[in-house]
Amino acid sequence: MKKRHVISAAAVLLACSCASSLSYMNDSARAVNEFTFVGENGLAAILTEPEWNPQRGLLIVPNTVIPKDPQVTNISEADLDELVALRLEFIYTDTCPEVRKRGMVLEKQDMEYVSEVFQIDYNSDSEGDWVRFDGEDGTEPVQHFYYSHILKRNLPARGDTTIPLFTRLTVDPSVDNEQFSHIQKIGGFDIRISGHVLQHMQGEVQFGLDSGKSAYESGLFTFDLDGSNDAENAKEEKKDIRGLTTENVR
C-alpha cells in the first residue's frame, strides 16, 4: 500500500522595520509542530534547521547573511525509505496592519518588495538536489520542490537527511531605507514550510513511487490551497498525530 505522510511547520518570522540607516528583523518563530499521519503508521520524517539562530536575525543591514537551512530527515519507525517534497510560502505575519491578511500568502507586489531586499540561495538554482516544480520561480510567494534523491531509513542507524533546501538569506548590498520601508509597512513576513513524504518503492515506476521525479510527474505530491494538506482527513480518520521537533525554532 502506498504510504504518505504530511509534515508542516511555520518557520521563522522575518519582520523588518527601519530605524535610521538600519533595519531590524524581530524573530518570534512560530511552529505548527505537528506530524500528521495519513495511511498506515510507521512513515515519519522530521524538519530541522540546524544553523538557524534567531539572534543572527536581529540586526539587518545591507549585505547581512542570515544562516537558515531547512532539511528533512527520515525517522520512520519501520525500515521505510522515503520520497520528499516541500512547499515554501511567504505569508503575512500576525502584526500585519491589515488584519484580514494575517497568515495569508503575500500578494504579488509585496513579494516583489521581499525579493528586492532578500536573496535566497535555493539549492534548486545551482546543485539540483532539490527540483523546483515546473512553471515556478524564486520570486513567487508560493513555491514547491521535490527532492531528487531517496531518503534511506538505515535502521538501526539514523535515517538519511536531505541537502538543505537553502542555506541562507542575504540582504542585498544595494538596498536602501525606502526598500526596507515597504516590508515594514506590511508588518514583515513569515516563511512557512510544509511537505509530503511518500514511501519509496523500488521499481514502481508505473505508480510513481520509484523516485522523487516519477512521484512528481505522476502528481503524487499534492498540496491544498490553504496548506493544510490532508490534516482534516487525518483527524476524521483518528490517525496518530505526533509533535514535530524543530530543533532551531522556538
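Here is what to select, stop by stop.

Before you click, know that this is a predicted model: local features need pLDDT of at least 70, side-chain atom pairs count only at pLDDT 80 or more, and totals for chains, interfaces and linings use all residues. Residues are numbered from 1 along each chain as its sequence is written, and side-chain values use heavy atoms, with hydrogens and water left out.

**Stop one.** There are eight aromatic pairs in the structure. Rings of Phe, Tyr and Trp (its six-membered ring) pair if their centres lie within 6.5 Å; planes under 30 degrees apart are stacked, over 60 edge-to-face, and the rest tilted. Select Phe-90 and Phe-189: this pair is tilted, with 6.0 Å centre to centre and 40° between the planes. Phe-90 sits in strand β8 (residues 82–91) and Phe-189 in strand β13 (residues 189–199), so the pair ties together parts 99 residues apart in sequence. (Strands are DSSP runs of E, at least two residues; helices are runs of H or I, at least four; both are numbered from the N terminus.)

**Stop two.** Now pick Phe-133 and Tyr-216, a tilted pair with 4.5 Å centre to centre and 40° between the planes. Phe-133 is in the loop between β10 (130–132) and β11 (142–147), while Tyr-216 is in helix α3 (residues 212–217), 83 residues apart.
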